[in-house]
Amino acid sequence: TRYRAWYRSGQWQAAMTSDNTITLPEGSQALNYGQQCFEGLKAYTTVDDRVVLFRPDLNYQRLNRSARRLMMQEVPERVFMEGLERVVRDNFAYVPPYGYGASLYMRPLYLGVGDNLGLKSAEDFLFTVYCSPVGPYYKDGFKPISLMVSSYDRAAPRGTGHVKVGGNYAGGMLASQEAREAGFGEAIFLDAATRSYVDEVGTSNFFAFTSDGTLVTPRSPSILESITRISLLEVARSMGFKVEERPIAIEELADFEEAGCCGTAAVITPIASINQGPLNYQYGDGVNAGPRTLQLYERLLDIQLGKDQEFAHWLHPVPMD
Ligand code: PMP
């Protein structure tokens, strides 16, 4: 089942439905002008059999940052959390029985619903939550990938690159396809304003380790503020790593010892190489993750599966009855 909450005439009204279609007027802002934003997070079972969401408060804040950027009505926290919890509760039984580690990928989606072709905000809005089962984090999934520096930009400079809106993904699809057709696992984007700095990787954020063991990750106005990345940096600091958020020039790619990317879907994926035409930067032996990347990955998984006390407060238990 799915959750639908309509904002009409200044009021929110919510209902559960089993219908996987939504009906919108063809003049809707979401359909014509991309007045649309969304979130992605996971619900899963911990080792002690709780069903939890990972830091949904941050997804809530990010959805409303995206909504404000698109002049949309903010979604109330109670609507966001109720939608997530009800959809988890109603659908968790349908997760394939992988045991712990199996998860439900949750997709909160927020649409501007109008019926006039003026280039201005909708007055009505539809917030929906739906979900899809995804596999567990098997170690086998933790394989280094090769990246291709994209010839496309992910998002418009000084536009909406820092928020999670559908419009950004139109360009991203083309870039990912370009990389796959060229035999790479994913595209890595440069900043669109100057094309001199590393921005992010497909639908994940970039990080690397310098030769002195510092964890570096781009500071850029056009990367999506990844919740996995914020968590990774905090965990790394607590483990004693030196962490730097700063612009990363393309030339620096030649000097890193380890590189990886992080996001909700894969948590952390090690990077084996980054290719830019005749230039090919390689990290580690190309087959195994670097030791620090592996250390961070295992710690994040422990936290997510409820095996860690220090960051236990990041897990939001979903009441299941
Ligand atoms: N960048 C982009 C463009 C993304 O779509 C995602 C996935 N939400 C990320 C980074 C990673 O963010 P998160 O850790 O919040 O999933």
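**Reading the model, feature by feature**

Modeller: Helix 2 (residues 56-69) has 14 residues and reaches 20 Å from its first C-alpha to its last, close to the 20 Å expected at 1.5 Å a residue. Helices (H or I, at least four residues) and strands (E, at least two) are DSSP runs numbered from the N terminus, and the expected span is 1.5 Å times one less than the number of residues. This is a predicted model, in which local features need pLDDT of at least 70 and side-chain atom pairs count only at pLDDT 80 or more, while totals for chains, interfaces and linings use all residues. Residues are numbered from 1 along each chain as its sequence is written.

Colleague: Which residues of helix 2 are buried?

Modeller: A residue is buried if 20 or more other C-beta atoms, placed from the backbone, lie within 10 Å of its own, exposed if 12 or fewer, and partly exposed in between. In helix 2 the buried residues are P56, N59, Y60, R62, L63, N64, S66 and A67, and just after this helix M71 takes a positive phi of about 60°.

Colleague: Which residues touch the most other members of the largest nonpolar core?

Modeller: In soluble globular proteins, nonpolar side chains tend to be buried together. A nonpolar core here is a set of buried Ala, Val, Leu, Ile, Met, Phe, Trp, Tyr and Cys residues joined through C-beta atoms within 7 Å. The largest has 40 residues, of which L147, I188 and L232 touch the most other members, and its largest share, five residues, comes from strand 15 (residues 267-276). A second, separate core of 39 residues includes Y3, A30, M72 and V163.

Colleague: Which residues surround the ligand?

Modeller: A residue counts as near a molecule if its C-beta atom, placed from the backbone, lies within 6 Å of it. Among those surrounding the ligand are G40, E200, T203, R229 and T264. Strand 11 (204-209) and helix 5 (227-238) each supply at least two residues of this shell, and helix 5 gives the most, with three.
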